[in-house]
Amino acid sequence: MNEHPGFWGVLKRPFVLDLRALALLRMATAAVVLLDLAIRSTDLEAFYSNMGVLPVPALMEHAWTPYQFSLHAATGLWQGEAVLFLLAAGLAGALLLGYHTRLATVASWVLLVSLQNRNTLIGQGGDDLLRMLLFWGMFLPWGRVWAWDARGKPAPERLDYFSAATVAYVVQLALVYWCTALLKSGGEWTNDGTALYYAFSLDQLLLPGGRLLYPYPELLRVLTFGAYFMELLLPFALFIPVGVRWWRLLVIVVLFGFHLTISLTLYVGLFFLINWASIVGLLPPVALNWLARRFGAAPQVPRWPVRLPVWRLPWHLRLERTRPATATGQRRSRVLREAFVGLSLAYVCVWNLDDVAVIRPASGLLPAPLRWFGYLFRVDQHWGMFAPVVFKDDGWYILEGTTKKGKLLDLNRNGALVRYAKPAAVVDLFKNDRWRKYSENYLFVDNAWMRPYYCNYLLRVWHENPAHAPLRHLSVVYMKEVSLPNYRVAKPTREVLCDCELTNPKAGSE
C-alpha cells in the first residue's frame, strides 16, 4: 500500500483497501450467498409458499411496510420460488467468478433483499450484514482483479484503492460491533458478568463446546467481560492511521477467533461465516503478498474450454451522444456516486444511533417519514444479539398430536409417543437455524397471529404421508424452563401456544 503524504493522506490511510482483498471479499460474500440459498432451498414450501407457515396475505397484513418489495411474494407456489432460487444461485456464481461483476452484484442484492423480505420471521443479524456487504459492494471495484472480467485486461497500475465506498465498508464493520456492545445495557453484561452463563443455559442454542465451558462460572464471567469490551473497543483499531496493516491484522485475528468460539459453543447458523466473510476485505498487502507467495500469484479464474455467453440481444439499441464523453462528465458521475454513498452511510449511522438510543430526542433521531429509505433499500439494521439482556425463557417444543383413538404422538420426534422429559440435545429438534429462529419468534405474544399457520401446516404435512396415523387434534406445546441464576433448575411448565383441529372429516382411521 502506498503511503499518502500530507494530512489528508494520513486521514485516508485507514480506509485505503487493496484491490486483491476486495476481490476476496467478493468471492467470500458470493460463497456465503450460495450456501445460504442451499440451506433455504430445503424449505421452499414451508417458508416461501402460500401452503407454508407464512402465506403472502398474512405477510402483507402483519410483517410488511409500504416501501418493501419482494419478487418472491409475487407467487405463492414453491415451484416459482425454485425458479427464483436458481436464478439467484446463477447470479451468485457469476459474482463468485467476477463475471459481469457489477450487474451480478446489483442483481444478487435485489434477489437477496427480495428473499429476506418474503419471510422476516426467520431472519437474524447475520442476514443484515450479508445484505449490507452486497449493498456497499455495488460501489466497490471488487471485480477489478482476480475476476473473469479482468481476463485479458492490463493489470491496474495501483492495488491500493480509496473511495466513499471503502469508508462505508470500514465504518459498517465498526458499527456492527459498537452497536452490539452498546445495545447490551443489562447488568449481566456490564456489572455481574453472567451473560454467557445465561446464554449457555439456553438449551435451544447450546452446542458441545458451550457445554464444556458451562460448569465454570468464573471463566464464563471473564469471557463475558472479554466479549463485551472487545466489541466496544476493538473497532477503534480500524481508524488508527499509524501502523494500519498491523492493526488490521489484529482485528482480523481477534474477530476470527471470536466468531470461531461462538460457532463452537452456540447454534447461530451462518452468523459466524458471514462475519468471517465480512472481514476479508481488511486484509493488508503484507498478508496478501504472503498468500500470493504461499499459494501462487493469484487465484486462477477457471480456464476450461468454455466460452461464457455475452448476452447478445436479438436487436440492437444504439445510443449517440450529442457531445463526446469528457473528463468533466466522468468526474460528475463519480461525484454523484460518491455523494450517494456518503449520504447512505450518514443515514446508516443515524439509523444505528437511533437504534442504540445514545442520543434520542422525544421524536427520535430518525423520524418516521425518513425511514422509507431504510426499508426500501434495506439498509435498516439491528445488531442486538443477546441484548439488552439474554433471553431467559428457555425450553423445548412438543408437537402434541392426538389420534382418533386418543394416543398422543410427538410430531417433533417423528410421531413417537409423547414424553415431557427434556431431550438430551434440544438443538437436534431443529432442522436448521432458520427453524430455530422461527420457533423463537413463535413464542412472542406480539407474533401470536403466526401460530395457527404453523399448526395447520404441520397437520397438513403429517396427513400427506399415508403411513402416518390420522390426527384429530394438534397442540403446539412449549415446555417452558426459565433460566435461573447459580445453576438452579426451574421446573418446566407446559404451555399450549396453539391448537388446531382436523378439517377433513373423511380422513382415515387407525
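A salt bridge is counted here wherever a side-chain nitrogen of Lys or Arg comes within 4 Å of a carboxyl oxygen of Asp or Glu, and by this rule the count comes to 24 salt bridges. The structure is a predicted model, in which local features need pLDDT of at least 70 and side-chain atom pairs count only at pLDDT 80 or more, whereas totals for chains, interfaces and linings use all residues. Residues are numbered from 1 along each chain as its sequence is written, and side-chain values use heavy atoms, with hydrogens and water left out.

Among these salt bridges is the one between Arg40 and Asp127, whose closest N and O atoms are 3.8 Å apart. This pair links distant parts of the chain, with Arg40 in helix H2 (residues 19-40) and Asp127 in helix H7, 87 residues apart; helices (H or I, at least four residues) and strands (E, at least two) are DSSP runs, numbered from the N terminus. Both Arg40 and Asp127 are buried, where buried means under 20% relative accessible area, exposed over 50%, and partly exposed in between (1.4 Å probe, protein chains only).

Because Glu440 and Arg436 are four residues apart in helix H18 (residues 433-443), they are separated by about one helical turn. Glu440 and Arg436 are both buried. Salt bridges that share partners also join Asp36, Arg40, Asp127 and Arg434 into one network. In a further salt bridge, the side chains of Arg413 and Asp410 meet at 3.9 Å, N to O; here Arg413 counts as partly exposed because its relative accessibility is 23%, while Asp410, at 2%, counts as buried.

The surface patches bring in residues of another kind, since patches are made of residues with over 30% relative accessible area and no salt bridge, like charges being joined within 9 Å and nonpolar side chains (Val, Leu, Ile, Met, Phe, Trp, Tyr) within 5 Å. The accessible areas come from the Shrake-Rupley method with a 1.4 Å probe, and for residues only the protein chains shown count as cover. For charges, Lys and Arg count as positive and Asp and Glu as negative, with His and the chain ends not counted, and the place of a charge is taken as NZ of Lys, CZ of Arg, CG of Asp or CD of Glu. On these terms Arg102, Arg144, Arg334 and Arg337 form a positive surface patch. One of its members, Arg144, lies in the loop between helix H7 (125-137) and strand E2 (160-161) and counts as partly exposed, because its relative accessibility is 43%. A nonpolar surface patch of about 400 Å² is made by Phe7, Trp8 and Leu11; Leu11 has its place in helix H1 (residues 6-12) and, at 41% relative accessibility, counts as partly exposed.

The loop between H7 and E2 also holds Trp148, which is buried, with a relative accessible area of 14%. Trp148 and Val244 are 96 residues apart in sequence and 30 Å apart in space, C-alpha to C-alpha.

The UniProt annotation "transmembrane region" (unreviewed entry) covers residues 84-112, 161-183, 220-240 and 247-267. Residues 84-112 are 90% helix and 0% strand, yet their end C-alpha atoms lie 10 Å apart, whereas over residues 161-183 the chain is 87% helix and 4% strand, with the end C-alpha atoms 33 Å apart.

Some backbone details remain. Most residues other than glycine have a negative phi, and most peptide bonds are trans. The peptide bond from Ala387 to Pro388 is cis, with omega near -5 degrees, and Pro388 lies in the loop between helix H17 (372-377) and strand E3 (393-403). The loop between H17 and E3 also contains Phe386, which has a positive phi of about 55 degrees although it is not a glycine, and which is buried, with a relative accessible area of 16%. Asn414, likewise a residue other than glycine, has a positive phi near 60 degrees; Asn414 is placed in the loop between strand E4 (408-410) and strand E5 (416-417), and is exposed, with a relative accessible area of 76%.

Conventions: UniProt positions are given in the numbering used here, feature names are shortened, and annotations may be inferred rather than shown by experiment.
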